Amino acid sequence: MSDTTASSAPQPAGATAAVVLADGTVFWGRGVGATGDQVGEVVFSTGLTGYQETMTDASFAGQIITFTFPHVGNVGANPEDMEATTPAARGCILRADITEPSNWRAAQHLSDWLRSMNLIGVTGIDTRAVTRRIRDHGAPNGVIAHHPDGVFDIPALVAMAKAWPGLEGMDLAKDVTCAQTYQWSQTRWSLKDGYGTLTEPKYKVVAVDYGAKKNILRSLADQGCEVTVVPATATAEDILRHNPDGVFLSNGPGDPAATGEYAVPVLQEIVKTGKPLFGICLGHQLLSLALGAKTYKMDKGHRGSNQPVKDLKTGKVEITSQNHGFGVDRATLPAGVVETHVSLFDNSVEGIAVEGKPIFSVQYHPEASPGPQDSHYLFKRFTDLMDEAKG
């Protein structure tokens, strides 16, 4: 399929889908999954595996995901690899047509799964060109459109992309958080037994759900944590009435400054208690805001499972899984808050800790799913802090 980059370029024969950017750029392709139009921020992810986990990561709310790996869908889809019950992403952009699945765990063709999840996909796109466009000019607003009849109103789609306000200033945590408090006891997956169940809990942890991935909760349970999950809008009283040994702040989508309007005062109350506190991704950003730092919208962001991060204390380099478009401004870190990890891609802040207190957070995803498990030790660091706090 021809991938042209001008709104005036003729529509190729057989085109049933298009990616239309706010500047009028059009990429023509073939539609898969659901039909219709979806608007969002067009981003790219460099992961080689785990497309289903990526598509169901709530951190991708409001975004259209371009997969840089060309062969997506060849292992199908299955119910075990869902990181959220309902995907919050707007759709996906793929290079190659989706082949028949070839994996013993496959339960569905990816196109059928996309349709069942109401997600639009476009294949036949020059994903390298899309990625270069994002690399050089930042993540644009765009519309992903799948019309089986091949009829498109391109000016209307451009107008839709232009009218979308973008993620800056947008609180999306409220859209993806849980509706009510619940308990979590499922542990991580193994080839032999699948998912397990925590039977002998050692710690009581309250996890604030800003869009939590299931594998984060499984990783906590794997360390002996009996997890109580509360909504993003939970008050300090809501959290502390469970008398937790520690508090966890989850990943999530959107602008941390917008979510912080209601989350920051709550976290400042939690910090005062002295309880161990661990944040990941959006949780890291919100904790930083609560401590007095500021966040900013990144030009491209980090999305993929091959992101190098240096531990400033040990000097070791971890290959990490990441998905974020906002970062913590190093220059605004207050006294007593130290930077613990740094990105070797762009030197951005990847982790912080509070001196003399059991409080730390990281920008990346130590639970992986998908991605490497170099950073899984951070969950044990959290339980070690709870052990110390217990005396």
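Q373 sits in the loop that joins β19 to α10. This is a predicted model. Leaving out residues up to four places away in sequence, Q373 touches R188 and A368. Q373 and L119 are 254 residues apart in sequence, and their C-alpha atoms lie 29 Å apart in space.

H365 belongs to the loop between β19 and α10 as well. Is H365 buried or exposed? H365 counts as buried, because its relative accessibility is 3%. The side chain of H365 makes a polar contact with the side chain of E367, at 2.7 Å. H365 also has contacts beyond its neighbours within four places in sequence: D57, K213, I216, N251, I280, C281, S321, Q322 and N323.

S59 lies in another loop, the one between α1 (51-55) and β4 (63-67). S59 has a relative accessible area of 6%, so it is buried. Setting aside residues up to four places away, S59 touches N251, G252, P253 and N323. N251 and N323 are also among the contacts of H365.

K174 gives another case. K174 is part of helix α5 (residues 173-176). Its relative accessible area is 46%, so K174 is partly exposed. Beyond its neighbours within four places in sequence, K174 is in contact with T233 and Y262. K174 and T197 are 23 residues apart along the chain, with 29 Å between their C-alpha atoms.

**Helix α10**

Helix α10 covers residues 377-390, which is 14 residues. From first C-alpha to last, α10 reaches 20 Å, close to the 20 Å expected at 1.5 Å a residue. G391 follows α10, and the phi of G391 is positive, near 80°.

Which residues of α10 are buried? They are L378, F379, F382, T383, L385 and M386. These residues lie on the same side of α10, because they cover an arc of only 150° around the axis. What do they pack against? Their partners are β11 (203-209), α6 (214-222), β12 (225-231), β13 (246-249), β14 (277-280) and β19 (359-362).

**Aromatic pairs**

How many aromatic pairs does the structure hold? It holds five. Two of them are set out here.

| Pair | Distance between ring centres | Angle between planes | Type |
|---|---|---|---|
| F248 and F278 | 5.4 Å | 70° | edge-to-face |
| F278 and F382 | 5.5 Å | 50° | tilted |

Take F248 and F278. F248 is in strand β13 and F278 is in strand β14. They are 30 residues apart, and their pair links distant parts of the chain. Both residues are buried. Why is the pair called edge-to-face? The planes of its rings stand at 70°, and the cut-off for edge-to-face is over 60 degrees.

F278 also pairs with F382. This pair is tilted because its planes meet at 50°, a value that falls between the limits of 30 and 60 degrees. F278 is in strand β14 and F382 is in helix α10, so the pair ties together parts 104 residues apart in sequence. F278 and F382 are both buried.

F248, F278, F360, F379 and F382 form one aromatic cluster. Among these, F379 and F382 are buried residues of α10.

**Nonpolar cores**

The largest nonpolar core has 33 residues. Which of them touch the most other members? They are Y210, I239, L249 and L277. The elements that give two or more residues to this core are β11, α7 (236-240), β13, α8 (256-273), α9 (282-291) and β18 (349-354). The largest share comes from α8, which gives seven residues.

Not counting residues up to four places away in sequence, L277 touches V247, L249, I270, V271, L287, P358, I359, F360 and F382. One of these, L249, is itself named among the core residues that touch the most other members. Two others, F360 and F382, belong to the aromatic cluster.

Another core, of 26 residues, lies apart from the largest one. Its members include C225, V309, L378 and F379. L378 and F379 are also among the buried residues of α10.

How values were computed
Residues numbered from 1 in each chain as written. Heavy atoms only, no water. Helix = DSSP H or I, 4+ residues; strand = E, 2+ residues; numbered from the N terminus. Expected span 1.5 Å × (residues − 1). Buried < 20%, exposed > 50% of the residue type's maximum accessible area, 1.4 Å probe, protein only. Arc of directions from axis to C-beta. Contact = heavy atoms within 4.5 Å. Core = buried A, V, L, I, M, F, W, Y, C linked by side-chain atoms within 4.5 Å. Polar contact = N/O pair within 3.5 Å; in protein donor to acceptor, adjacent residues only side chain to side chain. Phe/Tyr/Trp six-rings, centres within 6.5 Å; stacked < 30°, edge-to-face > 60°.
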